[in-house]
Amino acid sequence: MTPIDIDAPLALLGGRSPTEFMRTYWQKKPLLIRQAIANFTSPVPAAGLKKLAKRDDVEARLIWQENDEWNMESGPFARFPKIAEPNWSLLVQSVDLHDDTTAALMQQFRFVPDARLDDIMISLASRHGGVGPHFDSYDVFLLQGKGQRRWRISRQKDLSLVPDIPCKILQHFEPEEEFVLEPGDMLYLPPHIAHDGISLSDECITVSIGFRAPPLAVLARGLLEVAADQLSARSGLGFGPYSTPTLPGPDLSGMFRDKGLPATTQPAALPDELVHSALAAVQKIAFDERMATRFLGCWLTEPNSLTVFPISQDMIDIDDVLERQGSLALDRRSRMMYRGADLFINGEALETKTNATFKKLADVRVLSTADLKKASADTLTLLQEWLDDGWMVAI
Ligand code: SIN
Ligand code: CO
């Protein structure tokens, strides 16, 4: 896995470079790319998708239309409608966490930061199946994996939804453009573009490479939580959610005092001094980049809630990997990021730990024998721990 050359034209982006794509289309306008991936077939076929949708550690939904009414059911599923029956779609979320080929496909989109990449959802639809006209709040690449799908899209401003139904369906969809996608064709949609994809085949598979963008309120709340953890740790009131020590916070160990408090004739009135003290105390908290980095690093690398790392029965030793000239790779479920000296892996913060080896592991997700030979003893100790925890695999 070599890093993507962001200035070289890519067939994946219709002969545009990632730099050009990001500048012209990302978050701005739709782009249809014919044969983004030549000879492409879905990394997971219909049978594999049904198998995944039966598992209780996989998020799946079945959406079908009956007498003009939309229905939705969440998995796991024991059975599915027959593919010969029209008008249904099975949507399987986060397939990249369960299948290596799908995880490898996701790597092709890493010209966008991992912090923005979310998951790969794969849908299987019978003829005429779809999820109805809707909009998403996130960017998405819709890559056709099998059969044909007709996409109709619109830049309409009216995004009001049909009330009181289980699916998100636009009340008034006014399509402006229409494309029929064949396997390997791909449609990029920025957030809030109305769209409707309908299967034109008996078995239609669409692969959605989806992104995430945190709501600003969630970002603010995250920082407030880190601040709250700092205060709890310093005052001995509790511990933060992370196994790593909380960041040092302000000293608020004292108590409120009101020496010289005058006698009152209005005992139920809340004293001003108390109100002002609360404000003065909170103003001692420094909301800085370190705090934001800590929140984002831990939060964005938190594994999917259904993830269980497979722990190998026979312990693998890095020395043995080196001896046979092997490599180490991050497990497809592992999330790793860094900023400056701070390193984050699977929800844990490792302060001042970033070095060339860890940076390479996070960016490329693989360490070769040569990389391992250059690593310090401390680095190798951590890598061995991650190998033992199933966060990494030997290849
Ligand atoms: C689908 O694959 O059927 C739905 C994808 C989408 O419209 O976001
Ligand atoms: Co959509």
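A residue counts as buried when its relative accessible area is under 20%, as exposed when over 50%, and as partly exposed in between (1.4 Å probe, protein chains only). The model is predicted, so local features need pLDDT of at least 70 and side-chain atom pairs count only at pLDDT 80 or more, while totals for chains, interfaces and linings use all residues. Residues are numbered from 1 along each chain as its sequence is written, chains are lettered from A and ligands numbered from 1 in the order in which they are written, and side-chain values use heavy atoms, leaving out hydrogens and water.

To start with the metal, the cobalt ion (ligand 2) is held by H134 (NE2), D136 (OD) and H195 (NE2), at 2.0 to 2.1 Å. Donors here are N, O and S atoms within 2.8 Å of the metal (3.2 Å for Na, K and Ca); water is not among the atoms, so sites may look incomplete. Along the chain, these donors are spaced as H-x1-D-x58-H. H134 is buried at 10% relative accessibility, whereas D136 is partly exposed at 26%.

Turning to cysteines, there are zero disulfides (pairs of cysteine sulfur atoms within 2.5 Å). For C204, the closest cysteine sulfur belongs to C167 and sits 17 Å away, too far for a bond. C204 is buried at 0% relative accessibility, and C298 is buried at 0% too.

Then there is D371, buried at 10% relative accessibility. Its side chain meets that of K360 in a polar contact of 3.0 Å (a pair of N or O atoms within 3.5 Å; within protein, one must be able to donate a hydrogen and the other to accept it, and residues adjacent in sequence count only if both atoms are side-chain atoms). The D371 side chain also reaches the backbone nitrogen of S368 at 2.9 Å.
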